[in-house]
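Subject: Structure handover

Hello,

Here is the structure I promised to pass on. Please open it before you read my notes.

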Amino acid sequence: MAVAPPSGAGGSRWTWRPVARDALLARAFHSCTELRGRLYLVGGLLAGGAREPSGDTVVLDPAGGQAVRVGARSGPRRSHHDAAPLGGRWICTVGGWDGSRRLATVAALDTERGEWEAWTAAPDSCLPAGLSSHTCTRLSDRELRVAGREGGTRTQRRYGSIYTLRLDPGARTYCYKEEGCHTASRSGHCAALLPAPGHRPGHQLLLFGGCKSAEPEVAGRWSPGQITEEPPAAPRLTQQLAKLVSSGQGSRQGPAGLRHHSCSVVGPFAVLFGGETLTRARDTICNDLYIYDARKSPPLWFHFACADRELKRTGHRTCLWNDQLYLVGGFGEDGRTASPQACILDLFI
């Protein structure tokens, strides 16, 4: 992806600027998790059409632009999984495709020892049939909310189950609890924990995409004090996004039928990028930027189109660190070639 002025993105006021390039970053349908100033990339597919996911773990130092493979052996072979940091020490991967089946297990990388651990399901755990292309959202340092595909395409229900996943790093165990509510059947969607709109304090978890509906769906609501997770502070980027949505450049349009896109929460905004559209038979991989503004009730969508085909991505990840939004990996326009670049979002305000 070339460094470009605003005109390089079709007249928009944004682009992705490369800050690192390494063959170790070239993967898609991986996870990318920030922990103590490092981005941990786990697994993924190294080329389009590959059925066997990678079992390696790569650590990117975003400040120095250096990527190294972690020396840990017997890492989980996973793609289409999700991951979350825990206790400032572990990277916990949840579910995913191992090359032959969909799993609901939890494996954790102990970043202090550089070793992977296979954690054990608690006796009362209500295990999903198998998870892939799902989402896993932190609610606290011991609790995650899991939503999305359960089982294969033949066994998947007509609705999506929602699970609370509790983690116990001391006992190295995990426990799934199925919630009473359900969502539409989704896979390849994204999730964003955002402040509740209007005058009601608290947070709500929204699911975007993963089916043909353009409307987000609520997968949980919490009053103040019920959860402890807060996204990292990004005052400069939050201010820039506020200026971007008020610039008049974007159209008031949300993504329709999008999957395998990325999503990161920046203050009151959910920033979505790329993905594969379900509404077209050709040229399905996108390079659009969508911003969901939760500051008002009802919230507003803003769509910023892009003419630069080199920015098309699917199966990629974005990750917020140090007031910058990073884009890592993903397949490009052909849906087969993985990008070896890490980029940051530049907004020309």
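Below is what was found, first for the chain and then for one residue.

This is a predicted model, in which local features need pLDDT of at least 70, side-chain atom pairs count only at pLDDT 80 or more, and totals for chains, interfaces and linings use all residues. Residues are numbered from 1 along each chain as its sequence is written, and side-chain values use heavy atoms, with hydrogens and water left out.

The chain

The chain holds 1 helix and 26 strands (DSSP runs, H or I of at least four residues for helices and E of at least two for strands, numbered from the N terminus). Its C-alpha atoms fill a box of roughly 55 × 45 × 40 Å along the principal axes. Of the 349 residues, 60% are buried (under 20% relative accessible area, 1.4 Å probe, protein chains only). Take contacts (heavy atoms within 4.5 Å) between residues at least 6 apart in sequence: 57% of them join residues at least 24 apart.

Ser262

Ser262 lies in strand E19, residues 262-266. Ser262 counts as buried because its relative accessibility is 4%. Its side chain makes a polar contact of 3.2 Å with the side chain of His316 (a pair of N or O atoms within 3.5 Å; within protein, one must be able to donate a hydrogen and the other to accept it, and residues adjacent in sequence count only if both atoms are side-chain atoms). Beyond its neighbours within four places in sequence, Ser262 touches Val271, Leu272, Phe273, His316, Arg317 and Thr318.

Best wishes

Key. Buried < 20%, exposed > 50% of the residue type's maximum accessible area, 1.4 Å probe, protein only.
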